[in-house]
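Subject: Structure handover

Hi,

Here is the structure for your modelling work. Please look it over before reading on; my notes follow below.

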Amino acid sequence: MEILEINLHTNADDESVKRIINYPIKGKEVLSKGYGVTPYSTDSAIMQFKKTAEYWGNTNKTPVYHDVISFTAETAPTPEIAMKLTEEIFSDVIENHLTIIGVHHEERGPSENHTHNVYSPTNINDGTMIHHDNHTLYPLAQKVADVTQQPCRLVVKPEDKNKKEFHRIFFPHKNTND
């Protein structure tokens with residue numbers, strides 16, 4: 001089963017944003033890519049995220065989203081396959097939001113390859129905001145299941161550690177390309 005983990009950072013301060021953006025690109029990553037943003041400099045990426053939000057009047061709102069997809073070894077046996085699957089799953093986000101994807105090759109439960117996906121909530125084309133709610137997270141989890149043709153567990157981790165995580169399983173629709 002694939003796992004889509006959502007880490008909520010609604011109230012992230014500047015230092016938290018730096019850690020969030022830095023994590024997929026500085027350290028354990030074996031592959032990283034940026035879409036509309038540099039994946040090689042945390043400071044440049046932060047500036048690009050901030051300037052995009054400022055341009056569209058979206059300051060003082062959620063500054064960054066951080067999602068993790070953990071693939072089973074059968075689904076993504078290599079970091080390259082994990083990157084390709086993530087690009088397909090996040091294609092709508094990549095097209096409209098500054099995005100950084102970093103692949104880590106390490107055991108994480110049943111996973112050998114997982115991706116950290118950091119993206120700006122601000123749409124670069126029209127300034128609208130994407131929200132981490134059931135209108136966006138459920139279709140994203142369904143897309144993980146459909147692309148991988150494996151069940152996907154959606155795990156939403158609240159900012160408040162006193163609150164419970166939310167879990168829901170999504171099953172793949174039959175792949176009509178077979």
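How many of the 9 residues of strand S5 (residues 111–119) are buried? The answer is 8, so S5 is mostly covered. Buried here means under 20% relative accessible area, exposed means over 50%, and partly exposed is in between (1.4 Å probe, protein chains only). Helices (H or I, at least four residues) and strands (E, at least two) are DSSP runs, numbered from the N terminus.

Some ground rules. This is a predicted model, in which local features need pLDDT of at least 70 and side-chain atom pairs count only at pLDDT 80 or more, while totals for chains, interfaces and linings use all residues. Residues are numbered from 1 along each chain as its sequence is written, and side-chain values use heavy atoms, with hydrogens and water left out.

Strand pairing

S5 runs antiparallel to strand S3 (residues 65–72), and 8 bridges join them. Two strands pair if DSSP finds at least two bridges between them. Asp67 stands opposite Asn117 in S5.

Nonpolar core

The largest nonpolar core holds 28 residues. By nonpolar core I mean a set of buried Ala, Val, Leu, Ile, Met, Phe, Trp, Tyr and Cys residues joined through side-chain atoms within 4.5 Å. The residues with the most contacts inside this core are Leu4, Ile69, Phe71, Ile89, Phe90 and Leu154. Several elements each supply at least two of its residues: S1, S3, helix H3 (79–89), H4, strand S4 (99–108), H5 and S6. H5 contributes the largest share of this core, with 6 residues.

Ile94 is buried, at 17% relative accessible area. Its C-alpha lies 6.2 Å from that of Tyr35, although Ile94 and Tyr35 are 59 residues apart in sequence.

Salt bridges

Side chains of opposite charge can pair when their charged atoms come close. The cut-off used: a side-chain nitrogen of Lys or Arg within 4 Å of a carboxyl oxygen of Asp or Glu. The whole structure has 6 salt bridges. Glu5 is buried, at 12% relative accessibility. Lys157 is partly exposed, at 28%.

Lys157 also forms a salt bridge with Glu165, where the closest N and O atoms are 3.6 Å apart. Glu165 is partly exposed, at 38% relative accessibility. Shared partners join Glu5, Lys157 and Glu165 into one network.

Glu54 and Lys51 also meet in a salt bridge (3.6 Å, N to O). Both are in helix H2 (residues 42–55), 3 residues apart, so about one helical turn separates them. Glu54 is partly exposed at 43% relative accessibility, and Lys51 is partly exposed at 47%.

Pockets

Rolling a probe the size of a water molecule over the atoms shows where empty space is left. A pocket, on a 1 Å grid over the protein atoms alone with a 1.4 Å probe, is an open set of points with protein on both sides within 12 Å along at least five of seven lines; lining residues have an atom within 4 Å of a point. Grid points are joined across faces, edges and corners, and a volume is the space filled by probe spheres set on the points.

- The largest pocket has a volume of about 310 Å³. It is lined by 19 residues, and Lys50, Ala53, Asn60, Lys61 and Pro63 are the closest to its centre. Helix H1 (14–22) and H2 are the elements that give two or more residues to this lining. H2 gives the most, 5 residues.
- The second largest pocket has about 220 Å³ of space. Of its 16 lining residues, Asp92, Val93, Ile130, Thr136 and Leu140 are the closest to its centre. Helix H4 (91–96) and helix H5 (134–148) each supply at least two residues of the lining. H5 gives the most, 6 residues.

Best regards
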